[in-house]
Amino acid sequence: MRVSKALTQLLLIGLGLSAVITPRVTTNTTGNNTLPQMLQLSNDTDFNFQILRAFSLAPGGGSDIGEVLLAANGLVPGNFENFFSKFDSLANKVNARAQAIDIKRFPNSARDAWFAAASYFRGADFYLHGNWSDPRINSLWAQQTYAFNKAISTLPVPGVRKNVKADGFEVPTIFFGAENNSGHVRKRPTIIVGTGYDGNQEEIYHMIGKAAVERGYNVITYEGPGQPTPRREQNISFIPQWEKVITPIVDHLLTMPEVNGSAIVLLGYSFGGYLAPRAAAFEHRLAATICIDGIYSFSDIILGNFPTAISALVKAGNAEKVNSLLAPILADPTTSTATRWFFEQGTWAFKASSPFDLLNQTFSYDLTTPTNIVNQIQGPIFIADAQADMFGTGQGNILAGWLGEKATYHLFESVDGAGEHCALGAMNVQNAVVLDWLQDVLDGNK
C-alpha cells in the first residue's frame with residue numbers, strides 16, 4: 001500500500017506545474033527530529049521493505065534470515081522479474097529440502113522448512129499482478145498453500161482450514177487452537193486476524209499467531225474479498241462493507257466449544273487497520289478491536305501522496321485526464337517500484353478498470369462519509385501508528401482522539417526498531433505491547 005512521492009513530481013510536470021519533492025529514501029523526520037534509521041539492504045526502498053517483511057517472519061518460524069539475505073544480494077532495483085526469480089529459486093530450494101525430511105520422524109524440522117518455503121513462494125508472487133493472466137499468480141499460490149498446509153499439519157494443535165459462508169461469497173479461514181492438556185474442552189479467548197491491501201492470512205501466523213497461541217489464545221486468520229485467495233478462487237474484489245466478512249466469522253466461532261464467546265477480538269494490519277474498525281462499527285459482539293495501524297480514510301492516505309491538482313481531478317471525476325496523465329508514467333520501467341506496484345496490485349485486488357477507477361474506489365473506504373460511523377465503534381480499541389511509516393499519515397492518533405476513552409493509542413517508535421509500517425522488523429516488540437494490552441482488557445484491568 002505504498003505510493004511514491006516520485007509520482008507526485010512526475011504528475012506535477014505533466015500538469016505544467018513545478019515543485020521540489022524529496023522522496024523518502026534513507027531519512028525520516030517527525031517535526032525537527034531526525035529518526036534513527038535501519039540499515040538499508042536495497043537501493044530500491046520498496047524492495048528493501050519486502051526484505052524487511054521476510055525478516056519479520058523469522059521470529060514466528062516463517063523464514064531464515066541467512067536465506068533471505070542470499071536472495072536479497074542479487075536483487076536488481078526496479079526489476080520485478082528479477083525479484084520473482086530470486087525468491088522463486090530460494091522457494092524451490094527450500095521446498096526440496098522440506099520434501100527430503102521425514103515428516104513423521106522429524107516434524108519440527110519439516111515444519112520449519114515447509115513454513116519457509118511457503119513464505120518464499122509468496123515472496124516470488126508479490127510483484128506479478130500487473131498481468132492478471134500470468135499463470136504464475138495461481139501456480140505460486142498453489143505451491144505456497146501446499147507447503148503451508150504441510151507445516152500446520154505438524155503443529156501441536158494442527159491448524160484447520162475452513163471456508164465460512166458469507167453473503168454471496170466464502171471467507172477462507174485457518175483456525176489455530178491453543179494447546180490443551182487438561183483432558184477436557186477449555187473455552188479460550190480468540191483473536192480474529194486479517195491484513196489489508198496485499199497481505200495474506202498465512203503470514204499472520206508468523207507475525208502474531210504463534211505468539212498469541214503460546215500465550216493461550218486461539219487465533220483464526222482470514223481473507224476477505226480482494227485478498228489473495230478469494231481474489232484468485234472466487235474472482236471477487238474488495239468490498240467496503242467489511243462487516244459482511246467479519247460477522248459470519250463471529251457466528252462460526254460462537255458454534256465452537258473451544259471458543260469463549262464473550263472474548264472474541266478483531267485485529268487488522270495495514271489497510272486492515274481501516275477494515276477492522278469498519279467491521280467493529282457494525283459487529284458489536286467483539287470484546288476488543290486492534291488496529292495496526294489505525295486508518296479512518298483510505299482516500300486521504302492515497303490522494304495525500306498526490307499534488308492538490310491531481311487530487312482535484314480525481315475528486316471531480318475527470319477519469320480521462322487522470323488516466324492520460326498516469327498511462328505514460330506507469331508504462332515507464334524507470335518509474336519507482338512503489339508507484340508501479342501500488343497500481344498493479346490495486347487494480348488486481350479491486351478489479352479496477354483503470355488507474356482512475358482504482359483511485360475513485362478509495363473514497364468508499366472512509367469511516368466519516370457519507371455518514372460518520374466512528375461513534376458506532378464500541379470499545380475497548382487499541383490503535384497504533386508507526387513513527388516512520390512510509391505513509392506518514394498519523395491517522396491512528398486522530399482516530400483514537402475521536403474515540404476518546406474507548407481507545408488506547410500507541411506509537412511504535414524508530415528507536416526500538418519498530419517505526420516502520422506495521423512495526424515490521426520488530427514483531428516481538430509489537431506483540432508484547434499488543435498482547436499484554438489485550439490480556440489487561442480481558443482481565444478487566446483496562
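Q: How are α2 and α3 oriented to each other?
A: This is a predicted model, in which local features need pLDDT of at least 70, side-chain atom pairs count only at pLDDT 80 or more, and totals for chains, interfaces and linings use all residues. Residues are numbered from 1 along each chain as its sequence is written, and side-chain values use heavy atoms, without hydrogens and water. The axes of helix α2 (residues 45-56) and helix α3 (residues 65-73), helices being DSSP runs of H or I with at least four residues, come within 9 Å and cross at roughly 165°, on a scale from 0 to 180 degrees between N-to-C directions of lines fitted to C-alpha atoms over the stretch in contact. Because angles over 145 degrees count as roughly antiparallel, α2 and α3 are therefore roughly antiparallel.

Q: Which residues of α3 does α2 meet?
A: Contact means heavy atoms within 4.5 Å. On the α2 side the residues are Ile-51, Ala-54 and Phe-55, and they meet, in α3, Ile-65, Val-68, Leu-69 and Ala-72.

Q: How many residues of the contact of α2 with α3 are nonpolar?
A: Ala, Val, Leu, Ile, Met, Phe, Trp, Tyr, Cys and Pro count as nonpolar, Asp, Glu, Lys and Arg as charged, and the others, Gly among them, as polar. The contact of α2 with α3 has no polar and no charged residues, and its nonpolar residues number seven.

Q: Which element gives the most to the lining of the second largest pocket?
A: The lining of this pocket divides into three nonpolar, seven polar and five charged residues. With five residues, the element that gives the most to the lining is α6.

Key: Helices (H or I, at least four residues) and strands (E, at least two) are DSSP runs, numbered from the N terminus. Angles under 35 degrees count as roughly parallel, over 145 as roughly antiparallel, 65 to 115 as roughly perpendicular and the rest as oblique.
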